[in-house]
Amino acid sequence: MPEEEEEEQLVELKFRLYDGSDIGPFRYSPASTVAMLKERIVSEWPKDKKISPKSANDVKLISAGKILDNNKTVGQCSVPFGDLPKGVITMHVVVQPTLVKAKTEKKVDEPPRKTLCSCSIL
């Protein structure tokens with residue numbers, strides 16, 4: 001009986017990619033963190049996709065219209081779904097590569113802006 005209760009508490013999630021395909025569904029403990037989900041997404045990412053994350057930092061997870069923080073748990077993220085019947089929860093995956101390198105290169109290439117102000121009193 002305790003095993004059945006434990007299994008009932010697992011949350012079933014699937015991850016919807018940019019092209020409408022899915023990764024999963026997989027079952028997770030409510031104590032699993034969003035960072036753990038991202039690691040799984042990167043490891044399960046289909047090899048035939050044009051866009052793919054290089055690391056978990058390139059992945060953003062969206063659930064119920066909110067971007068999920070890495071330190072949140074699945075249990076904390078699924079609170080709004082408590083009233084829904086048991087089923088698979090779909091989270092949307094956005095791949096957003098880190099732009100640190102691109103930002104620094106852009107600053108070097110652009111000339112510094114100068115603001116000029118002029119007044120004419122007649």
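Modeller: From the N terminus on, the elements of the protein chain run α-β-β-α-β-β-α-β-α, that is, four helices and five strands. Helices (H or I, at least four residues) and strands (E, at least two) are DSSP runs, numbered from the N terminus. This is a predicted model, in which local features need pLDDT of at least 70 and side-chain atom pairs count only at pLDDT 80 or more, while totals for chains, interfaces and linings use all residues. Residues are numbered from 1 along each chain as its sequence is written, and side-chain values use heavy atoms, with hydrogens and water left out.

Now the rings. The structure holds two aromatic pairs. Rings of Phe, Tyr and Trp (its six-membered ring) pair if their centres lie within 6.5 Å; planes under 30 degrees apart count as stacked, over 60 as edge-to-face and the rest as tilted. Phe 15 and Tyr 28 make an edge-to-face pair, with 6.3 Å from centre to centre and 70 degrees between the planes. This pair links distant parts of the chain, since Phe 15 belongs to strand 1 (residues 11-16) and Tyr 28 to strand 2 (residues 22-28), 13 residues apart. Phe 15 is buried at a relative accessible area of 0%, and Tyr 28 also counts as buried, at 7%. Here buried means under 20% relative accessible area, exposed over 50%, and partly exposed in between (1.4 Å probe, protein chains only).

Phe 26 and Tyr 28 form an edge-to-face pair as well, at 6.5 Å centre to centre and 75 degrees between the planes. Phe 26 is buried too, with a relative accessible area of 15%. Arg 40 lies over the face of Phe 26, at 3.7 Å from the ring centre. For such a placement, NZ of Lys or CZ of Arg must be within 6 Å of the ring centre and within 35 degrees of the ring normal.

Next, the strand that holds Phe 15. The covered face of strand 1 consists of Val 11, Leu 13 and Phe 15, and its uncovered face of Glu 12, Lys 14 and Arg 16. Strand 1 and strand 2 run antiparallel and are joined by five bridges; two strands pair if DSSP finds at least two bridges between them. Within this pairing, Arg 16 stands opposite Asp 22 of strand 2. The hairpin of these two strands has five residues between them, and Gly 20 takes a positive phi near 95 degrees there. Strand 1 is also joined to strand 5 (residues 89-95), by four bridges, and these two run parallel. On that side, Lys 14 stands opposite Thr 90 of strand 5.

Finally, the chain as a whole. Buried residues make up 25% of the 122 residues in the protein chain. Of the contacts with a separation of 6 or more, 59% are between residues 24 or more positions apart, where contact means heavy atoms within 4.5 Å.
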